[in-house]
Amino acid sequence: MATFFGEVVVAPSRAGLDEEEEAREETPEDREIRREIEKKREVDVLWTWRSGGGAEEPLVCSKFIVAIGRNASAFLSSFILDSVCWEVVGVVKLWNEWCRTSSTTNVLPTDSFCLFYRLISDPTVLLCQCSCYVAEDQQFQWLEKVFGSMQKEGLQVTILSTCPVADYKTQESTLTLASPFLKALKTKEFQEQVCCPLLEQPNIVRDLPAAVLSYCQVWQIPAVLYQCYTDVIKLDTVTIEAFKPLLSSKVLKSLVKDASESTKILKKFLATSESHNNIYI
């Protein structure tokens, strides 16, 4: 408050305070809250093939197929997965602002979940369905805890994901593009032929698909990302079937199940999703 007319009064301000000064002002209550939030946001990967006693040997894995998002996960459920040939071997528990997953393996297509499956006839083939959102500050934990459990030598990774067609950068209008469509991005070590055109510059990928591909690039793991650009965000037949060219790839062609069975499962997924959406109408 001024004591005479014309006096210049400097208002209190935090401008100019560096991080060290701000850190010194953190109260015990602030630190406790921060620790609780960090603990709550920890990513837990629970493997059923681990006994929990002593140091565990890393899982020998030759093929790791990762489906990120509901449509990519539904594609694997429809055309690859079944309860006879595959077994659940792991689950991810996490919490963030957008989703919360649990340790249950009995899930619906509309649930947020992250499950790992192993091919019974060839235990070196691992598959992951991740329909939940993994926040930016949780992605490193996810990568370290998932890939940290695997032997990286001889490993090849295939990633499936979707994103809005509006994110696709091109000289022509996205309104004229025939969506959905696939684009591929691969690491330097991936030498096989891809099943669709490569993603052009200046397009980028983001979130968990980008994190997985970057991790593989750093660790020199052969990996390819197949990104489906679509204008539909919910479970959608056309978007799911846009991944069908991948069924002829070297990794997936030996895992494809009966086509008639795939059609039945796909219809069941869409019916479940539709009934779930109607609850909120």
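## Starting at serine 248

Serine 248 is exposed, with a relative accessible area of 56%. Here, exposed means over 50% relative accessible area, buried means under 20%, and partly exposed is in between (1.4 Å probe, protein chains only). You'll find serine 248 in the loop between helix H6 (237–241) and helix H7 (259–278). Cysteine 195 sits 53 residues away from serine 248 in sequence, yet their C-alpha atoms are 8.0 Å apart in space.

A quick word on what you're looking at: this is a predicted model, where local features need pLDDT of at least 70 and side-chain atom pairs count only at pLDDT 80 or more, while totals for chains, interfaces and linings use all residues. Residues are numbered from 1 along each chain as its sequence is written, and side-chain values use heavy atoms, with hydrogens and water left out.

## The whole chain

The protein chain has 7 helices and 10 strands. These are DSSP runs numbered from the N terminus: helices are H or I with at least four residues, strands are E with at least two. Of the chain's 281 residues, 41% count as buried.

Take the contacts (heavy atoms within 4.5 Å) between residues at least 6 apart in sequence: 77% of them join residues at least 24 apart.

## Two nonpolar cores

A nonpolar core is a set of buried Ala, Val, Leu, Ile, Met, Phe, Trp, Tyr and Cys residues joined through side-chain atoms within 4.5 Å. The largest one here has 45 residues, and the members touching the most others are Phe64, Phe116, Trp142, Phe147, Val157 and Val212. Helix H5 (residues 207–218) supplies the largest share of this core, 7 residues.

Another core lies apart from that one, with 35 residues, including Tyr117, Leu182, Val194 and Leu247.

## How H4 meets H5

Two packed helices are described by the angle between their axes and the distance between the axes. For helix H4 (residues 136–147) and H5, the angle is about 50 degrees and the axes are 10 Å apart. That makes H4 oblique to H5. Axes are lines fitted to C-alpha atoms, for helices over the stretch in contact, with angles from 0 to 180 degrees between N-to-C directions. Under 35 degrees counts as roughly parallel, over 145 as roughly antiparallel, 65 to 115 as roughly perpendicular, and the rest as oblique.

On the H4 side, Gln139, Trp142, Leu143, Glu144 and Phe147 take part, meeting Asp207, Leu208, Ala211, Val212, Tyr215 and Cys216 in H5.

## H3, tucked inside

Helix H3 (residues 70–79) has 9 of its 10 residues buried, so it is largely enclosed by the rest of the structure. Those buried residues are Asn71, Ala72, Ser73, Ala74, Phe75, Leu76, Ser77, Ser78 and Phe79.

Asparagine 71, in helix H3, counts as buried at 3% relative accessibility. Leaving aside residues up to four places away in sequence, asparagine 71 touches Thr162, Val232, Ile233, Lys234, Leu235, Asp236, Thr239, Ile240 and Phe243.

Cysteine 163 is buried at 13% relative accessible area, and cysteine 216 is buried at 0%.

## Backbone details

Two peptide bonds here are worth a look. Serine 179 and proline 180 are joined by a cis peptide bond, with omega about 5 degrees; proline 180 lies in the loop between strand E8 (156–164) and E9. The bond from glutamine 201 to proline 202 is cis too, with omega near 5 degrees, and proline 202 is in the loop between E9 and H5.

Aspartate 207, in helix H5, has phi near 60 degrees and is partly exposed at 41%. Glutamine 220 has a phi of about 55 degrees, sits in the loop between H5 and strand E10 (223–230), and counts as exposed at 58% relative accessibility.

## Around glutamate 189

Glutamate 189 is in the loop between strand E9 (181–186) and H5, and is partly exposed at 24% relative accessibility. Not counting residues up to four places away in sequence, glutamate 189 touches Gln217, Gln220, Ile221 and Pro222. Its C-alpha is 7.4 Å from that of alanine 223, which is 34 residues away along the chain.
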